[in-house]
Amino acid sequence: MSGIGENQFDTKILSAEDSDALGQAVELLGQGLPVALPTETVYGLAADALSAEAVTRIFEAKGRPANNPLIVHVDSAAMARDCVYAWPSAADQLASAFWPGPLSIVLPKADSIPDIVTAGGVTVAVRCPAHPVMRDVLTRCGFPLAAPSANLSNRVSPTRAQHVSKQLNGRIPLILDGGACEVGIESTVIDLTGEVATILRPGMIGLGQVRELLGDTQVATGPQTGATLKSPGQLPQHYSPKARVVLAGELWEATLGQANADAHVISLEPPAANWDPEKWHEMPSSPDGYARNLYETLHRCDQAGAELILVQPLPTGAEWDAIRDRLTRAANEG
Ligand code: TXA
Ligand code: MG
């Protein structure tokens, strides 16, 4: 089957608390169809990771380029080991410390993982998510689930079922609504296939925490190119809302003073007296709170028809790195 278009499905949204919602999700996944599910980071668009045909439908529904590999979700380290060719002690250490949780580990792939999942590459990213709904579905399925974020390619990731529905309505049969995501930005991706452990995508599990455990660890720098991108989440532009996003520098006050009053503002401070409070988005002062609200806020700006979003500079400090990363990518054009 090919060509999942906008009206292929009459998309259902079911509360994950409905008695039979999980059963329906498991049944559809068993038939090789994609289902949107909540995870603690962002909503994922899941399909049977062992079926090339099922995974094709994810790429079609999202309009995702075939050179961008998917993360394989598992309910345990045991299931992860079945997806990889080798499980080094560093993987054991990371899994014991951070799973279930927002960390994806890149390892050599097992033969059982179809090439389409890894975009033809020889490595696979595995993650054991913490969200109880996702975990329950995984355990009931008994097979791993490939799941990218449940947005159209290059758009802001969804942290609520409604965000998924806005982008993928008609393209998938079912969305399970598990409420707002706790973490709010995508998992940290760490590559264990090189000489030194390398963070390919920053997330709320930071470099410091990984170093404490593994010692020598580096962060990949610069955009990557090539037929199979090492981690396309690293392309300069990604996760973009429709509006132009401007990260203000030191001249924040001046930028604000000059800005057209139609602009939306994302700030750590309460609304300026002269600003429409509907267009001023005051963010929590902790990195965890900010991350939890970030995509939600970008989605709200989109919905309000914002053309320009001004973002106040973030505090310095490594605990803001992943948030800075996502904002920088949202701000880059083209
Ligand atoms: O938190 C998350 O990771 C969410 C939830 C749904 O689990 N998923 C997610 O998936 O963000 P996606 O497809 O939007 O982003 C996956 C990232 C991409 O940057 C991709 O390039 C990278 O992980 N990736 C996947 N497999 C890889 C591999 N074998 N080697 C290097 N990077 C990989
Ligand atoms: Mg994504």
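How many of the 334 residues of the chain count as buried? The share is 55%, where buried means under 20% relative accessible area, exposed over 50%, and partly exposed in between (1.4 Å probe, protein chains only). This is a predicted model, so keep in mind that local features need pLDDT of at least 70 and side-chain atom pairs count only at pLDDT 80 or more, while totals for chains, interfaces and linings use all residues. Residues are numbered from 1 along each chain as its sequence is written, chains are lettered from A and ligands numbered from 1 in the order in which they are written, and side-chain values use heavy atoms, with hydrogens and water left out.

**Overall build**
- The chain has 10 helices and 15 strands; these are DSSP runs numbered from the N terminus, helices being H or I with at least four residues and strands E with at least two.
- Its radius of gyration is 20 Å, close to the 20 Å the globule rule gives for 334 residues, so the chain is as compact as a globular protein of that length. That radius is taken over C-alpha atoms, and the rule is 2.2 Å times the number of residues to the power 0.38.
- Along the principal axes, the C-alpha trace spans about 60 × 50 × 35 Å.
- Of the contacts (heavy atoms within 4.5 Å) with a separation of 6 or more, 66% are between residues 24 or more positions apart.

**The cores**
- The largest nonpolar core holds 47 residues, and Trp-99, Ile-105, Val-126, Ile-190 and Leu-192 touch the most other members. A core here is a set of buried Ala, Val, Leu, Ile, Met, Phe, Trp, Tyr and Cys residues joined through side-chain atoms within 4.5 Å.
- Elements giving two or more residues to this core include β3 (44-48), α2 (52-62), α4 (89-98), β5 (103-108) and β6 (123-127).
- Beyond its neighbours within four places in sequence, Ile-105 is in contact with residues including Leu-94, Trp-99, Val-126, Ile-190 and Leu-192.
- Another core lies apart from that one, with 25 residues, among them Leu-298, Ala-306, Ile-309 and Ala-331.

- Because 12 of its 17 residues are buried, α9 is largely enclosed by the rest of the structure. Its cover includes α6 (161-168), β13 (264-267), β14 (280-282), β15 (308-311) and α10 (321-331).
- α10 is mostly covered too, with eight of its 11 residues buried; these pack against β10, β12 (244-247), α9 and β15.
- Gly-305 follows α9 and has a positive phi, near 80 degrees.

- Most residues other than glycine have a negative phi, and most peptide bonds are trans.
- Trp-99 and Pro-100 are joined by a cis peptide bond, with omega about -5 degrees; Pro-100 sits in the loop between α4 and β5.
- Ala-119, in the loop between β5 and β6, has a positive phi near 55 degrees and counts as buried at 12% relative accessibility.
- Asn-154 has a positive phi of about 75 degrees; Asn-154 lies in the loop between β7 (145-146) and α6 and is partly exposed, at 39% relative accessible area.
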